[in-house]
Amino acid sequence: MTTKLAKTALRNISRNKRRSVLSGVAIGVAAMAIVMLFSLIAGMQVDMESNLKSYYTGGIRIRNENYEQYERFNPVHLTVDAESVQKVLDTIEEVDVYVPRTSFPANLYIEGTNFGAMGVGADFKKEADFIDLAGSLKMGHLPENGKNEMMMGAVLARDLKLEIGDKVTIMSTTAARGTNAITLEIVGLFTFPVAALNAKYFWAPIDRISYFLRMNGDTQEVILKVKEGVSELEAAEAIKEALKKETSINYDVQAFTEISGTYEMIEMANTVYTIMAFIFFLLGSTVIINTTMMVIFERMREIGTLGALGMHGKELVRLFFLEGMFISIIGTFIGVTLGIGFTLILGKTGIDFTESMQGIDFEISGMMYPKLSISKTIFVFFYSVIVASLATLIPSRKAAKIEPVEALRYV
Amino acid sequence: MKNKIITILILLSLLIPVTIFAITGEEIIRKADEIQVFETSEASGEFRIKDRFGEKVSTFNSWSRGTEESLIEFTSRAERGQKVLRTEDELYLFFPDAEELIRMQGSMLRQSMLGSDVSYEDMTGGKDRISQYDVVLEGEENVNGNECYVLIMTAKVRTVPYPKEKVWIDKETFLVWKAEYFTKSGRLLKEMETLEVEEIDGRMIAVETRISDKMKTDTETIMIISDLKINIAIDDEMFSLEELSW
């Protein structure tokens with residue numbers, strides 16, 4: 001009996017091709033959009049984590065024990081003895097790569113006016129193993145350690161009408177809690193994936209910054225990445241212990257998930273993304289349910305005829321259920337396949353949000369690369385088929401209860 | 001009738017000294033300004049700056065000419081070679097590692113000097129406060145055993161660092177023992193107190209002063225002047241921009 005119904009259902013689908021194609025396309029487009037949105041959101045989550053690790057906190061961050069407590073007062077004097085810390089890090093197997101960094105607020109003195117910016121002191125030789133700084137250069141070259149040079153965010157340089165070869169005097173508070181100024185030459189303009197970094201930051205050799213800020217060779221922090229498969233939380237604990245044992249100093253060692261503000265930001269972003277995904281998911285489901293129900297409501301006359309010809313209520317329900325299921329399987333399959341295809345293409349080429357991300361202080365790249373999640377894609381496929389099939393039940397059950405004469409009145 | 005006239009005459013005679021010798025707020029301020037101004041001066045000194053992170057000492061040498069020109073050169077290790085030049089209209093900073101002079105203006109003047117409770121703005125403005133403030137003699141008070149006039153000064157111009165000041169000036173020496181600086185709405189911004197004085201060339205000069213920025217928590221700056229020489233020969237070029245860069 002079911003085989004007969006299945007055959008009838010397939011025949012019904014092929015009999016009115018236009019109707020079947022339209023409802024299949026609607027289901028397919030919704031499924032494709034959901035797959036792509038999930039991929040985009042997964043891409044954003046990975047991107048944010050990667051940016052935080054590369055440009056802000058590392059996988060693990062080592063700072064002076066009291067730095068976080070006084071962070072809002074810019075405590076430049078609360079430093080890390082980078083040399084002794086790095087010696088200890090060399091002995092820890094879990095550590096993949098580390099770099100010393102010093103971030104500081106600065107005023108750029110340009111033609112009599114001060115412009116606020118953020119400076120980063122970095123060891124450009126070591127950074128090569130940590131992030132692709134050279135690849136982020138839009139123009140010029142990387143500053144050389146030991147020289148009064150800087151590279152500046154391309155957007156910041158554009159805003160301040162500066163270019164390569166210009167000299168900029170920067171002022172900041174020193175570790176001696178006084179003021180100092182130094183003139184640095186712009187030798188490179190960078191475009192990092194994070195828009196906020198390009199609009200606010202300049203990078204200079206850490207040895208010159210340490211001298212300028214009177215840090216006596218120390219740095220504000222050492223950040224590091226751990227080897228593949230190593231838990232950052234466990235590694236942070238091991239590093240803290242090793243540092244205490246070897247240097248007798250109690251450093252603040254935190255995995256990026258523990259860092260106040262950072263983890264909350266990831267959590268918050270994930271919540272926002274989940275809500276966005278849910279809303280879109282709901283919209284997609286509505287499209288599927290709406291399309292399926294409309295198709296059946298429009299066929300009341302046909303249902304009446306089938307009833308008049310002797311088809312029972314349950315058979316009618318099963319018939320439309322099978323019709324809906326077949327259409328949704330085909331539509332969803334095509335939609336999901338297209339979604340996977342587009343995601344894979346965009347995953348390589350990226351989606352450029354650079355212009356619209358300007359001025360947004362959030363650790364998301366201007367260039368977004370969707371990331372395909374196989375489990376979520378499989379879920380979307382089955383979900384769409386089930387929702388579409390179940391959506392047939394409501395109108396078909398209703399139709400099945402109507403007397404054939406009554407059903408025939410629908411035009 | 002005769003008695004009445006005598007009584008009136010006596011009363012009038014009692015009033016005469018008050019009217020003739022009563023000092024006005026403006027005069028008190030003028031005298032206080034005068035004792036602070038020298039033809040030229042040279043001094044060395046130090047800032048003892050206390051904040052939430054502890055105490056630090058910055059030493060300096062300074063030179064001044066008249067009311068408008070002064071030069072401070074820092075000699076302590078962390079700031080060695082940094083200079084602050086004040087000319088008639090401008091304030092310039094020289095940093096040994098900067099290839100240009102920094103002219104302080106606008107909001108930059110509100111920045112703290114060396115992290116102390118003294119802002120660059122505190123160093124601007126002429127010492128002729130009469131033309132800049134309306135002065136009201138509010139009364140008299142004793143400050144640490146010194147009889148003082150209490151004056152309220154309200155700014156007439158917008159170019160002064162503080163819209164309102166309350167100062168306690170010694171009735172005899174016209175030395176400022178204490179001062180409070182307020183916003184226009186009356187919020188206390190800074191406090192200044194003279195801790196030590198020295199008589200130089202017949203004038204009482206404050207050589208140790210405590211300044212406290214009330215917008216910060218737990219901070220104070222003690223400025224100590226030592227080895228003050230006045231009316232000495234100073235090179236004319238001392239206060240020029242060219243000299244500052246050398």
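In this predicted model, helix α2 (residues 17-56) of chain A passes α14(A) in a right-handed crossing, a crossing being right-handed if the near helix is turned clockwise from the far one by less than a right angle, and left-handed if anticlockwise. Helices here are DSSP runs of H or I with at least four residues, and strands are runs of E with at least two, numbered from the N terminus. The axes of α2(A) and helix α14 (residues 374-401) of chain A lie 10 Å apart, and the two pack at an angle of about 150°, which makes α2(A) roughly antiparallel to α14(A). Axes are lines fitted to C-alpha atoms, for helices over the stretch in contact, and angles between N-to-C directions run from 0 to 180 degrees; those under 35 degrees count as roughly parallel, over 145 as roughly antiparallel, 65 to 115 as roughly perpendicular, and the rest as oblique.

On the α2(A) side the contact is made by A:Ile27, A:Ala30, A:Ala31, A:Ile34, A:Val35 and A:Phe38, and on the α14(A) side by A:Lys376, A:Thr377, A:Val380, A:Ser384 and A:Ala388, where contact requires C-beta atoms, placed from the backbone, to lie within 7 Å. An α-helix has 3.6 residues a turn, so residues three or four places apart point the same way. Of the residues in the contact of α2(A) with α14(A), eight are nonpolar, two polar and one charged (nonpolar covers Ala, Val, Leu, Ile, Met, Phe, Trp, Tyr, Cys and Pro, charged covers Asp, Glu, Lys and Arg, and the others, Gly among them, are polar).

The 40 residues of α2(A) should span 58 Å at 1.5 Å a residue, and the end C-alpha atoms are 56 Å apart, which agrees; the expected span is 1.5 Å times one less than the number of residues. After α2(A) comes A:Gly58, with a positive phi near 70°.

Helix α14(A) also packs with helix α12 (residues 313-349) of chain A, at about 155° and with axes 7 Å apart, so that α12(A) is roughly antiparallel to α14(A). This crossing of α12(A) with α14(A) is right-handed, and the contact has 16 nonpolar, nine polar and three charged residues.

Chain A is assigned domain 1 (2-53 + 264-408) and domain 2 (58-258), with bounds from an automatic or database domain assignment. The centres of the two domains, taken over C-alpha atoms, are separated by 48 Å.

Helix α3 (residues 82-90) and helix α9 (residues 232-247) of chain A cross at roughly 120°, their axes coming within 10 Å, which makes α3(A) oblique to α9(A). Here A:Ser84, A:Val85 and A:Val88 of α3(A) meet A:Ala242, A:Leu243, A:Glu246 and A:Thr247 of α9(A).

Between the chains, the contact takes 20 residues from chain A and 17 from chain B. On the chain B side, β2 (54-65) and β6 (102-104) are the elements giving two or more residues, and this side divides into seven nonpolar, three polar and seven charged residues.

Residues are numbered from 1 along each chain as its sequence is written, and chains are lettered from A and ligands numbered from 1 in the order in which they are written. As the model is predicted, local features need pLDDT of at least 70 and side-chain atom pairs count only at pLDDT 80 or more, while totals for chains, interfaces and linings use all residues.

Technical notes:
Two residues are in contact if their C-beta atoms, placed from the backbone, lie within 7 Å.
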